[in-house]
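Hi everyone, thanks for making time. Let me put the structure up on the screen, and then I'll walk you through a few spots in it.

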Amino acid sequence: MDPLVPLLRRFHEKDVRFVVIGVAGINYYATGAGTTFTTRDRDLLLPLDPEALLRAWTACDELALSLAIGEEPLDVPRDRWLAERVISTRSVVRATNGRDLDVDLSVLMAGHDFEHVWAERRIFLVEGVEVPVARLEHIVRSKAEAGRPKDLLFLATHRDALKQIFAKGE
């Protein structure tokens with residue numbers, strides 16, 4: 001079982017809109033083992049909505065996931081004030097079970113806003129759960145626009161595999 005599925009199922013139950021982004025998102029488009037990429041975490045883009053963040057954090061708590069920003073545990077109480085601070089600072093909250101699930105809950109995707117990505121998402125079905133994933137074009141462009149060395153290295157290193165995935169079509 002994919003360790004992400006229970007969290008995504010819980011997000012659906014709590015009406016938390018999200019889109020899978022990053023390398024994990026690219027993997028949904030992979031054409032085979034040769035175009036699947038290793039990644040240590042999963043990245044989920046959430047809307048700039050404090051109530052949605054609160055519901056997401058509650059879902060994580062219900063699954064006994066630890067929440068942190070950087071190396072620090074996410075403060076309690078986990079209330080609207082805290083959610084608004086996370087949004088205003090565009091902080092990434094890491095949810096982890098300490099074993100096989102590390103999920104970055106983000107409200108920022110370089111070059112894109114949530115509503116645009118949400119409107120153009122693609123749905124994949126995994127273990128009976130709908131998984132909304134950002135368009136491949138959005139993910140790749142975001143990595144390029146972010147300009148982080150690790151993203152640019154990923155794009156350069158995997159240029160041929162990404163071309164194969166694009167050639168297959170979204």
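Let's start with Ala 146, which counts as partly exposed because its relative accessibility is 35%; buried means under 20% relative accessible area, exposed over 50%, and partly exposed in between, with a 1.4 Å probe and protein chains only. A word on the model: it is predicted, so local features need pLDDT of at least 70 and side-chain atom pairs count only at pLDDT 80 or more, while totals for chains, interfaces and linings use all residues. Residues are numbered from 1 along each chain as its sequence is written, and side-chain values use heavy atoms, with hydrogens and water left out.

Where does Ala 146 sit? Its place is in helix α6, residues 136-146; helices here are DSSP runs of H or I with at least four residues, strands are E runs of at least two, and both are numbered from the N terminus. Leaving aside neighbours within four places in sequence, Ala 146 is in contact (heavy atoms within 4.5 Å) with Ala 110 and Asp 151. Ala 110 is 36 residues away along the chain, yet the two C-alpha atoms are separated by 5.4 Å. Just after α6, Gly 147 takes a positive phi of about 70°.

The buried residues of α6 are Leu 136, His 138, Ile 139, Val 140, Ser 142 and Lys 143. Among the elements covering them are β1 (19-21), α2 (22-28) and α8 (159-168).

Now for the core. The largest nonpolar core has 53 residues, where such a core is a set of buried Ala, Val, Leu, Ile, Met, Phe, Trp, Tyr and Cys residues joined through side-chain atoms within 4.5 Å. Helix α3 gives the most to this core, with six residues. Phe 11, Leu 46, Trp 57 and Leu 105 have the most contacts inside the core. Not counting residues up to four places away in sequence, Leu 105 touches several residues, including Phe 11, Leu 46 and Trp 57.

Two of those names come back in the helix packing. In α1 (residues 5-13), Leu 7, Arg 10 and Phe 11 meet Ala 56, Ala 59, Cys 60 and Glu 62 in α3. On the other contact, Trp 57 is one of the α3 residues that meet α4, and residues on the α4 side include Leu 82, Val 86 and Ile 87.

That's my tour; happy to take questions.

Key
Axes fitted to C-alpha atoms, helices over the stretch in contact; angles between N-to-C directions.
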